[in-house]
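Let's walk through this structure together, one topic at a time. Keep the picture open beside you while you read.

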Amino acid sequence: MEQFKSTTHSRRSFLRSSLLAGGGLMISFTWFAETAAGTSNGTDLPEWIEINGYIKITPDNIIKILNPNPEFGQNVMTSLPMIVAEELDADWQKVVIEMGPHDNVKLGPQFTGGSNSVRMYWKPLREAGATARRMLMEAAAQSWNVPVEEVSTKAAMLYHEKSGKSGTYGSFASKASVIPIPKGVKLKEVKDFKVVRNSQKNVEGLKIVSGKPLFGLDYKHEGMLIAMIEHPPAFGMKLKSFDAAETLKMPGIKDVFRQKLYEDGFEQAGFDTRTYNELLVVVGKTTWEVMNARKKLKANWEPAGDSKETVNFRGQKREVLIPGQLESTDAQLDKMQEYANKPAEQLRRDGDPEAAFKNAAQVIERTYNAPFLAHNCMEPMNFFAHVTDEKALLVGPLQAPGWTEPTLAKVLGLPADKIEIQMTRMGGGFGRRAYGHYLVEAALISKKVKAPVKLVYTREDDMTYGIYRPMYTATYRAALDANKNLVAFHVKGGGIPEHAIHANRFPAGAVENYLAEAWQIPSNITIGAFRAPRSNFNAAAEQSFLDELAEAMGKDPIDFRLELLKKAKENPVGKNNEYDADRYAGVLKLVKEKSGWGNTENNKYSRGVAAYFCHNSYAAHVVDMVMRNGRPYVERVFSAMDCGIVVNPDAATNMVEGAIVDGIGNAFYGKLSHKEGAPEQNNFSRYRMIRHSEAPKKIEVHFVQNDIDPTGLGEPPFPPVFGAVANALYKSTNKRYYNQPFLGAPLQPKSKPENKRSF
Amino acid sequence: MIKLNINRKSYELDVDPETPLLWVLRDVIGLVGTKYGCGVAQCGACVVHLQGQAVRSCVTKVSRAVGQEVVTIEGLSENNDHPLQKAWLELDVSQCGYCQAGQIMSAAVLLKGNKNPTDKDIDSAMEGNICRCGTYLRIHKAIHLAAEIQRKNPK
Ligand code: FES
Ligand code: FES
């Protein structure tokens, strides 16, 4: 998802100009102008006085800040309002935070993903806060009849020192609301931050530990029915016929029907991915009744055959052929083997790699494989919908309301402004909830049964009806000269149905002769974004390979990377290198220092290191492993991050800790395999998740301190965990781990057990 | 009619006695703090107390709860001041938060019988609770902290 910069989101025209004029997303100002002119949208309580899209201040000085972005555990509900409160000079402890409704016009794209939330809103939210503060100051200055320069603010109070006058923000809020919007209000110096850069507690912490209804599954609505879907048992199958007689006799059951999602020829946008186009729906009164009644369904399925889909991704329309075969993991691995030997698409070339490999004194070649992964959000997919002929209300957990709304409008035949999407807290997202098909399903079901409906996926539905992380492979080759210098680097990667290669990332730019190539194999298994898409594989493969390379060259793995980065900085090879070599080296140096790299007292651990750059941030980890009862445990992790300014340090640390645990879990166990198209894992009994005792007991997270505008943090710490774990495993077991998952049954092509492949 | 005692309150409900307690709590009574995560006793999101014991309500028939005291996250403390709730807030444990009610309910049973749990005790008591967001480290620390709070203010 990282390719989506905030600037690429489409805008209604009057907002676009606001964007251009303001330099960044000055969306709230446009809306403010309208509100001030008396065209309030009517959804706000009359006692609230609108300052702008993100801030409300009551006459009794209650400051309410809307969080624009969906919350899935990355803590934006706290961090985004912190940014507003900082510039506004509000008293953080007294600020009230609420989740903003979906409104692309007023609140911007509202996309949670791509580690973008803070990055995307940093400037607009600061400007919103600073502008509101300035307007309050002007209102006070006018009332007091003093120059605005003499008015100061602190903790939601206005002061005029000379006259000793003071007043609350609230007392000037009405007056401020008619003051013309000042342009170019000065933002605070980073060094003056009081709220930002200081740890603030999760604003929903208390609600979480006391079991308050927060999540989509908790949502209730008068007269609400429960719906579940029965989907084909295997990718490549479709519904042929069904007999619901027994199901309909079960208590509480209202209806059973087949539901088609998209009409033939429907032009899918990039995030309209759905696994099956036709589902069998059971609607009833309660969750348990529907779950039970489903078991009585008699459905017949048949092979779907090849099909074609029209996908329009950001204006690029293409026909995608979806092969109809029933895929099995073994056969997929063999097929990958076959494709790896064929010519591939060249993504980048520097120097003359072929000649360099031909003349090399030594060539090292390694192949890495990784399986499909299921997101396994703790809260299974679900959504509430109430659709009538005139309008639609949808409530639940999703990451990208702005992308789902146009699809709903098309499918339901309703104008976008008749579709209201309310976002609940999400029980995890990890990319999965960027795909809004389950809203479309819920909406169509509600429309059909003419009632408010909550669509609920069971865990089994969630796991077997997924939008998975693709299956990946890559072969890396390095050419060394007689003095063991790295003279050429080659990566050829592939995937089902997408490859993972980022051709312009490290070590591109650091090696004279470089070649990156890729291929992909079409599939009917649906895939999508999964925490740090593509990077989550690359950082495993490439960072393991660099470790092995360093060993072959007789170099320390950190020093080896630093040498390459030095070269990339001083004498970069080629163009379009995506990373900043200094910042990349910075996290490596920091983790080296903090982990006591090279200290003999750490010899009791098997240590592995890895670093990676993605989503505009830099991460390096040192993993300390021990063997207990014949199996490896990650005992400690040292982590260095560079994501610019850290808005909420303790919450950021929590997120890095979580990413590390997630990385260890997926590296050790994560695997979704298929047999004849059917996922072989359907619940946590078969899909192994990392458990409490397997998490490190110590994770030390260090942030590079700088004043660079914040970049993402949700994803960047995740990918290098895989590499660091693989490298520590090597130290523990004296064996290299090429195939994920590392423990349990790893993915290994039967036909070619040794790690060698030519191209 | 099924008679239940949940969080010190009595209920009389017309439900199929085979229904898992989880769905009675969530769908019928409206206590949604207890979560559905897997339905097959694998994740711990649905843990509640039955006569002081931790049970997985997704696989506990409501009939089993008759004549027993049921406590859910909503009834764990009067004012959200259970040592675990305090410790959870103090260490800001939650990420998405979905698993946390189950985590706290499992930990509460551990703390009742063990005033000073070791790392190992915590590991084994919490092994059945998955946290997809990976907050295990903070959960672990928070249980130690709660034990400390509890030792300081024994009830
Ligand atoms: S929902 Fe009961 S253990 Fe997972
Ligand atoms: S906090 Fe998200 S699953 Fe535990």
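## Where the chains meet

How many residue pairs are in polar contact between chain A and chain B, with both at pLDDT 80 or more? The count is 26. A polar contact here is a pair of N or O atoms within 3.5 Å; within protein, one must be able to donate a hydrogen and the other to accept it, and residues adjacent in sequence count only if both atoms are side-chain atoms. Which part of chain A gives the most to the side that touches chain B? That's α18(A), with nine residues. Sorted by class, this side of chain A has 24 nonpolar, 21 polar and 13 charged residues. (Ala, Val, Leu, Ile, Met, Phe, Trp, Tyr, Cys and Pro count as nonpolar, Asp, Glu, Lys and Arg as charged, and the others, Gly among them, as polar.)

Before going on, a word on the ground rules: this is a predicted model, where local features need pLDDT of at least 70 and side-chain atom pairs count only at pLDDT 80 or more, while totals for chains, interfaces and linings use all residues. Residues are numbered from 1 along each chain as its sequence is written, chains are lettered from A and ligands numbered from 1 in the order in which they are written, and side-chain values use heavy atoms, with hydrogens and water left out.

## Contact and buried area

If contact means heavy atoms within 4.5 Å, then 58 residues of chain A are in contact with 50 residues of chain B. About 4700 Å² is buried between the two chains, and carbon and sulfur atoms give 57% of that. Buried area is the accessible area (1.4 Å probe) that two parts lose on being put together, summed over both. A:V209, A:M378 and A:H692 supply 18% of the area that chain A buries against chain B, more than any other three residues.

## Salt bridges

A salt bridge is a side-chain nitrogen of Lys or Arg within 4 Å of a carboxyl oxygen of Asp or Glu. In one salt bridge, A:D662 meets B:R132 at 3.0 Å, N to O.

Inside chain A, the side chains of A:R736 and A:E551 meet at 3.1 Å. A:R736 lies in the segment after α19 and A:E551 in helix α15, so this pair ties together parts that are 185 residues apart in sequence. A:R736 is buried, at 13% relative accessibility, whereas A:E551 is partly exposed at 42%.

## A covered strand

Now for β24(A), residues 513-520. Helices (H or I, at least four residues) and strands (E, at least two) are DSSP runs, numbered from the N terminus. Is this strand mostly covered or mostly uncovered? Mostly covered: seven of its eight residues are buried.

Two strands pair if DSSP finds at least two bridges between them. β16 of chain A pairs with β24(A) in the antiparallel sense over five bridges, while β23 of chain A runs parallel to β24(A), joined by eight bridges. Look at A:E517 in β24(A): its bridge partner is A:Q346, and A:K492 also stands opposite A:E517.

Technical notes: Buried < 20%, exposed > 50% of the residue type's maximum accessible area, 1.4 Å probe, protein only.
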